[in-house]
Structures are given as C-alpha cells and as structure tokens.
Amino acid sequence: MTVDQLDPTPIYEQLARIIRARIKAGDLKERQVVPSESSLQQEHGIARGSVRRAMELLREEGWVVTIQGRGTFVAPRESWPEQP
C-alpha cells in the first residue's frame, strides 16, 4: 500500500489507513515498534508533518502509544477500537 498523491483524501489519513491495515493484518504486532517518522517519510515520499499527524490520529484512536525517548509502539489489542 502506498500514499496516492492524487487521491483527495488527506495524506495523513491515507498513511494512518496504511498503518492501521498493517496492524490488523499482523505485519505490525502488539507492542512492536512502529517505523520511525523519518523512515515513513522516506518510504512514502511525504512531509514529516503528515507523518506526525497520522501518528497523532492513530494515538487518538488507540492503535499506537508513544513513550517519550523510546518511540511509538503498536498498542495492546485491548486498546484498539471496536471492530465492526
């Protein structure tokens, strides 16, 4: 999955959707470190602000947790939003 620059959906929402899908698919497991902002920025060719906003959205939804000085990790499954 990649970010589509021509899609009218904001870039940060596209990135959040990609990371969410990776978590659901098990590519990123509970308590596993999420790729760094700089690696996500380079991988998807997007601005750092878009990566930060995507991480903020995922934190608000309960998909990831950030520990200052340690990084951002996939939250424990019980913290994830209800699946329809």
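Good morning. I begin at the end of helix H1, which is followed by Gly26, a residue whose phi is positive, near 90°. Helices here are DSSP runs of H or I with at least four residues, strands are runs of E with at least two, and both are numbered from the N terminus.

A word on the source. This is a predicted model, in which local features need pLDDT of at least 70 and side-chain atom pairs count only at pLDDT 80 or more, while totals for chains, interfaces and linings use all residues. Residues are numbered from 1 along each chain as its sequence is written, and side-chain values use heavy atoms, with hydrogens and water left out.

Let me stay with H1. The helix has 15 residues and reaches 21 Å from its first C-alpha to its last, close to the 21 Å expected at 1.5 Å a residue; the expected span is 1.5 Å times one less than the number of residues. Its buried residues are Ile11, Gln14, Leu15, Ala16, Ile18, Ile19, Arg20 and Ile23. Buried means under 20% relative accessible area, exposed means over 50%, and partly exposed lies in between, with a 1.4 Å probe and protein chains only. What covers these buried residues of H1 includes H2, H3, E1 and E2.

In the segment before H1 we find Thr9. Thr9 counts as partly exposed because its relative accessibility is 22%. Leaving aside residues up to four places away in sequence, Thr9 touches Gln14 and Arg17, where contact means heavy atoms within 4.5 Å. Thr9 and Lys29 are 20 residues apart in sequence and 26 Å apart in space, C-alpha to C-alpha.

I turn now to the interior. In soluble globular proteins, nonpolar side chains tend to be buried together. The largest nonpolar core in this model has 21 residues, and those with the most contacts inside it are Ile19, Ile23 and Leu58. Such a core is a set of buried Ala, Val, Leu, Ile, Met, Phe, Trp, Tyr and Cys residues joined through side-chain atoms within 4.5 Å. Helix H1 (11–25) and helix H3 (48–61) each supply at least two residues of this core, and the largest share, six residues, comes from H1. What does Ile23 touch, residues up to four places away in sequence not counted? The list is Leu28, Trp63, Val64, Val74 and Trp80.

A search of the whole structure finds one aromatic pair. The rings of Trp63 and Trp80 have their centres 5.2 Å apart and their planes at 35°, so the pair is tilted. For the terms: rings of Phe, Tyr and Trp (its six-membered ring) pair if their centres lie within 6.5 Å, and planes under 30 degrees apart count as stacked, over 60 as edge-to-face and the rest as tilted. Trp63 lies in the loop between H3 and strand E1 (64–67) and Trp80 in the segment after E2, so the pair ties together parts that are 17 residues apart in sequence. Both Trp63 and Trp80 are buried.

Next, the charged pairs. Side chains of opposite charge can pair when their charged atoms come close. The search of the whole structure finds four salt bridges, each a side-chain nitrogen of Lys or Arg within 4 Å of a carboxyl oxygen of Asp or Glu. I shall describe some of them.

One joins Arg77 and Glu30, at 3.8 Å from N to O. This pair links distant parts of the chain, with Arg77 in the segment after E2 and Glu30 in the loop between H1 and helix H2 (37–44), 47 residues apart. Arg77 is exposed, at 51% relative accessible area, whereas Glu30 is partly exposed, at 35%.

Another is formed by Glu37 and Arg52, whose closest N and O atoms are 2.9 Å apart. Since Glu37 lies in helix H2 and Arg52 in helix H3, the pair ties together parts that are 15 residues apart in sequence. Glu37 is partly exposed at 26%, and Arg52 is partly exposed at 45%.

A further bridge, between Arg53 and Glu56, has an N to O distance of 3.5 Å. Both residues lie in helix H3, three residues apart, about one turn of the helix.

I finish with Gly71, in strand E2 (residues 71–74). Gly71 is partly exposed, with a relative accessible area of 25%. Gly71 and Ser36 are 35 residues apart in sequence and 7.7 Å apart in space, C-alpha to C-alpha. Thank you.
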